[in-house]
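Dear colleague,

Please find the structure below, handed over for your review. A summary of the findings follows it.

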Amino acid sequence: MKNIAIILISVLTFVSCNQKVQKETILLADREAPLGWVYLRVFKDKTFEFESRGLERRGDIYSGIVELKNDTLYFKYSDSIPKAGNKAILTERFVSYFNGEYPERLEVKKSELKSD
């Protein structure tokens, strides 16, 4: 009985340590896309996730570090760069990508991002 309790406590500790920590968002923007959604999430630690999601639950996620200079967002991707590009203009209502294969515009839902 004692061994079962030790195993149970060990498993619960392991599971709780491996849960994904929820980061605080400072910028949320999205738009409905044909057959899906596009999301931008910027976190307090200046990391971001750009997600292009189709009908399936999980889509392509591009992540990295973002820097805001004046009204321009500069995205430094960890891996590949989405077709929207790596630069965008931030206004009160929109995030507008301008140097990709196509223009992308996401509606701002939350913005607490401050320029450096």
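**Contacts of Asp30**

Leaving aside neighbours within four places in sequence, Asp30 is in contact with Trp37, Val38, Tyr39, Leu106, Glu107 and Lys109. Please note that this is a predicted model. Asp30 has its place in strand β1, which covers residues 25-33. With a relative accessibility of 15%, Asp30 falls under the 20% cut-off and therefore counts as buried.

**The protein as a whole**

The protein has 1 helix and 8 strands, and along the sequence these follow the pattern α-β-β-β-β-β-β-β-β. It consists of 116 residues, of which 34% count as buried. Among the contacts with a separation of 6 or more, 28% are between residues 24 or more positions apart.

**Aromatic pairs**

The structure holds 7 aromatic pairs. One of them joins Phe48 and Phe75: the ring centres are 4.9 Å apart and the planes stand at 70°, so the pair is edge-to-face. This pair links distant parts of the chain, as Phe48 belongs to strand β3 (residues 47-53) and Phe75 to strand β5 (residues 72-77), 27 residues apart. Both Phe48 and Phe75 are buried.

Phe48 also pairs with Tyr77. Here the ring centres lie 5.1 Å apart with the planes at 85°, so this pair is edge-to-face. Because Phe48 lies in strand β3 and Tyr77 in strand β5, the pair ties together parts that are 29 residues apart in sequence. As to burial, Phe48 has a relative accessible area of 1% and is buried, while Tyr77, at 12% relative accessibility, counts as buried.

Which residues do the ring pairs link into a cluster? The members are Phe48, Phe50, Tyr62, Phe75, Tyr77 and Tyr97.

**Charges over rings**

Two further arrangements place a charged side chain over an aromatic ring. The charged end of Lys69 sits over the ring of Tyr74, at 5.9 Å from the ring centre. Arg105 lies over the face of Phe94, and its distance from the ring centre is 3.8 Å.

Yours sincerely

Key
Residues are numbered from 1 along each chain as its sequence is written. This is a predicted model: local features need pLDDT of at least 70, side-chain atom pairs count only at pLDDT 80 or more; totals for chains, interfaces and linings use all residues. Side-chain values use heavy atoms; hydrogens and water are left out. Helices (H or I, at least four residues) and strands (E, at least two) are DSSP runs, numbered from the N terminus. Buried means under 20% relative accessible area, exposed over 50%, partly exposed in between (1.4 Å probe, protein chains only). Contact means heavy atoms within 4.5 Å. Rings of Phe, Tyr and Trp (its six-membered ring) pair if their centres lie within 6.5 Å; planes under 30 degrees apart count as stacked, over 60 as edge-to-face and the rest as tilted. A charge sits over a ring if NZ of Lys or CZ of Arg is within 6 Å of the ring centre and within 35 degrees of the ring normal.
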